[in-house]
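Reader: I am new to this structure. Please walk me through a few of its residues and its ligand.

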Amino acid sequence: MKIGIFGLGQMGSAMIHGYLRTNTLSPADVLVKGGRSQTAKKVSDSLGLTLIDNLTELAEASLILIATNPASVLSVLESLPEEVTANRIPIVSVAGGVSLDKMGAVLGADYPLAHSIPNTAVEVNQGVLGIAYAEKISADAKKTISELLTPLGRLFETQEDTLGVIGSVGGSAPAFVDVFIEALSDAAVLYGIDRKSSYQIVEQMIKGSAELALETGKHPAELKDGVTSPGGTTIKGIAALEANGFRHAVIEAVKQTMS
Ligand SMILES: NC(=O)c1ccc[n+]([C@@H]2O[C@H](COP(=O)([O-])OP(=O)(O)OC[C@H]3O[C@@H](n4cnc5c(N)ncnc54)[C@H](OP(=O)(O)O)[C@@H]3O)[C@@H](O)[C@H]2O)c1
């Protein structure tokens, strides 16, 4: 199987690393079309990817990913030769702000297109990928796209108008979690834990909490109730978080990412 990709910047590279890490693709089966700078060439050379000049080579691909800046997406679609589009190779754009309607206006409303907003955890196959499909896409094309993206993480199908909030909660919120990790680490250091251990403890705690919630399917309130004994230290900690507007701060932070 081959996958074609336009753009090997931060997101494009993260996706390709995800595919290579799990051996879903061998490096030579990644067909890369770069932009104006040497970025794609450098990444392709270091990973052994196939840098292409002639876009007809994409006719062999099972999927084409567009991970360029939003401003380039429509011109990339316009540049695709007949040999590629006639094969109806599914195309997924991860560019923010370029709608399926705009892409469909170039390739036809019935072309197998999807718009996805992944987060950078695709690099370690733990991504959150919001995805919206073109209205007229066939069930087969949808299945192909979903199967080919699944190695990168978990897909959440949605309407295109709610892709943005998945991008915020899935894509911006990791930075909020990073700040939370730092804050907890500071607190641990305050009480005598060395810095390196403090990060390891906090990161493992967050990973474990997420896995526990995912695996048990328990409601977060149930998990919280399970560790808060009456008059105990954990409920005192939660009361302190709420007194300082923890939930409000989180919701306001998401609102800001949406503005
Ligand atoms: N980063 C994220 O967390 C994230 C999350 C979700 C979605 N996205 C979306 O992913 C896309 C890429 O974001 P990014 O952060 O990876 O940006 P980036 O690091 O700036 O990478 C964009 C890459 O696209 C290449 N490019 C531009 N025009 C091209 C063309 N016509 N043909 C081939 N390559 C072209 C650029 O190459 P040159 O510089 O060589 O021209 C650049 O390496 C954006 O549309 C963004 O909205 C990003």
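Reader: Is Asn54 buried, partly exposed or exposed?
Author: This is a predicted model. Asn54 has a relative accessible area of 42%. Buried means under 20%, and exposed means over 50%. The value falls in between, so Asn54 is partly exposed.

Reader: Where does Asn54 lie, and which residue does its side chain contact?
Author: A UniProt record, an unreviewed entry, places the feature "binding site" at Asn54. Asn54 sits in the loop between β3 (50-51) and β4 (63-66). Its side chain makes a polar contact of 2.8 Å with the side chain of Thr56.

Reader: How much of the ligand does the protein bury?
Author: A polar backbone atom of Met11 is 2.7 Å from an oxygen atom of the ligand. Ser72 has a polar side-chain atom 2.9 Å from a nitrogen atom of the ligand. Taken alone, the ligand exposes 890 Å², and the protein buries 73% of that.

Reader: What is the accessible area of the nonpolar surface patch that includes Met205?
Author: Met205 belongs to helix α8 (residues 195-216). It is partly exposed, with a relative accessible area of 36%. Phe180, Leu241, Phe246 and Val250 form the patch with Met205. Together they have an accessible area of about 380 Å².

Terms used: Residues are numbered from 1 along each chain as its sequence is written. This is a predicted model: local features need pLDDT of at least 70, side-chain atom pairs count only at pLDDT 80 or more; totals for chains, interfaces and linings use all residues. Side-chain values use heavy atoms; hydrogens and water are left out. UniProt positions are given in the numbering used here, feature names are shortened, and annotations may be inferred rather than shown by experiment. Helices (H or I, at least four residues) and strands (E, at least two) are DSSP runs, numbered from the N terminus. Buried means under 20% relative accessible area, exposed over 50%, partly exposed in between (1.4 Å probe, protein chains only). A polar contact is a pair of N or O atoms within 3.5 Å; within protein, one must be able to donate a hydrogen and the other to accept it, and residues adjacent in sequence count only if both atoms are side-chain atoms. Patches are made of residues with over 30% relative accessible area and no salt bridge: like charges are joined within 9 Å, nonpolar side chains (Val, Leu, Ile, Met, Phe, Trp, Tyr) within 5 Å. Accessible areas come from the Shrake-Rupley method with a 1.4 Å probe; for residues, only the protein chains shown count as cover. A salt bridge is a side-chain nitrogen of Lys or Arg within 4 Å of a carboxyl oxygen of Asp or Glu.
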